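Biologist: I'd like to go through this model with you. Can we start with how the helices pack?

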Amino acid sequence: MPSLSDPTETVTEIEGRRLKLTHLDKVLYPETGWPKAAAVHYYAQVAPLLLPHLAGRPASFLRFPEGVEGERFWAKRVPPGAPDWVTALDVTHKEETIRHVVVADLPTLLWAANLGALELHVPQWQHDPAEHDRLIIDLDPGPGATVVDCCAVALLARKELQADGLTAWPKTSGVKGLHLLVPIRPAPEHEATAYARRLAGRLRAANPALIVDRMDKSLRAGRVFVDWSQNNSAKTTVAPYSLRAGPRPTVSAPVTWTAVRSCRRPEELVLTPEQVAARTRDPMADLTDPRKHGALPH
């Protein structure tokens, strides 16, 4: 872990890579005074838990060079001046090929954090967008609903997934919702998206007063939207253990099913970097075990 004793900048060697960390005293979250040094330190602490979830996946960074109240922008390309040791992956999009960063190690993670990349987002596939190895069940509470309602839907979704031979791991979105990540044997995008859409329809049919599966925002009041479209190859989801750029620093944090089942107040699933960094194990560790990958039902 690098020494961050200098409040402005430091040059350090991490796993044999020379890294210059700059403007460490810059406040990124003005409401709490949380500086860049704290963000870099957080990512250094959680790297053993975080890095397996980023392996092989092209990253998209949501950058905040001046903090969460300043300009924000998406960074999908390897930026000019990136160290030559940064791993990259060429991804062909509709009209062009983009060279993405793959956050493969601690030096790359801290290099990205130093750029103001507070949020790390990745797709549901590794290496090849034609072959998905993960489903995302994105539970988004509409007006009047909360993450407590998302927890109720998550438990229903878990039961449906188990009936189909699939296992889900929950995490907070870090904002107001809940994500379920489901490892699958490699499957084409259209099959993954079609299954997620069918699942959302089954959940809505079973509990229409609580669940909506259509994009129309006018339908979401008091309900939870099951966003199946997040399984599109071109879309990304905030990674487990990523910071979120709200008024105060929070984390998209893996949680246990016990925590989901027992949640009664939204604040119970608002997790801070300090709380998450104190963890010694990842509740979502088995997500990356190939033996846990289930086959999509047809």
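Modeller: The axes of helix α1 (residues 36–54) and helix α2 (residues 106–114) come within 9 Å and cross at roughly 150 degrees. Axes are lines fitted to C-alpha atoms over the stretch in contact, with angles from 0 to 180 degrees between N-to-C directions. Helices are DSSP runs of H or I, at least four residues, numbered from the N terminus.

Biologist: How are α1 and α2 oriented to each other, then?

Modeller: Roughly antiparallel; that label applies to angles over 145 degrees.

Biologist: Which residues make the contact?

Modeller: From α1, Lys36, Val40, Tyr43, Ala44, Ala47, Leu50 and Leu51. From α2, Leu106, Leu109, Leu110, Ala113 and Asn114. Contact means heavy atoms within 4.5 Å.

Biologist: How much can I trust this?

Modeller: It is a predicted model: local features need pLDDT of at least 70, side-chain atom pairs count only at pLDDT 80 or more, and totals for chains, interfaces and linings use all residues. Residues are numbered from 1 along each chain as its sequence is written, and side-chain values use heavy atoms, leaving out hydrogens and water.

Biologist: Switching to asparagine 114. Buried or exposed?

Modeller: Buried, because its relative accessibility is 11%. The cut-off for buried is under 20% relative accessible area, with a 1.4 Å probe and protein chains only.

Biologist: What does its side chain reach?

Modeller: The side chain of asparagine 114 reaches the backbone oxygen of lysine 20 at 3.4 Å.

Biologist: What else does asparagine 114 touch?

Modeller: Leaving aside residues up to four places away in sequence, asparagine 114 touches Lys20, Leu21, Thr22, Lys36 and Val40.

Technical notes. Helices (H or I, at least four residues) and strands (E, at least two) are DSSP runs, numbered from the N terminus. Angles under 35 degrees count as roughly parallel, over 145 as roughly antiparallel, 65 to 115 as roughly perpendicular and the rest as oblique. Buried means under 20% relative accessible area, exposed over 50%, partly exposed in between (1.4 Å probe, protein chains only). A polar contact is a pair of N or O atoms within 3.5 Å; within protein, one must be able to donate a hydrogen and the other to accept it, and residues adjacent in sequence count only if both atoms are side-chain atoms.
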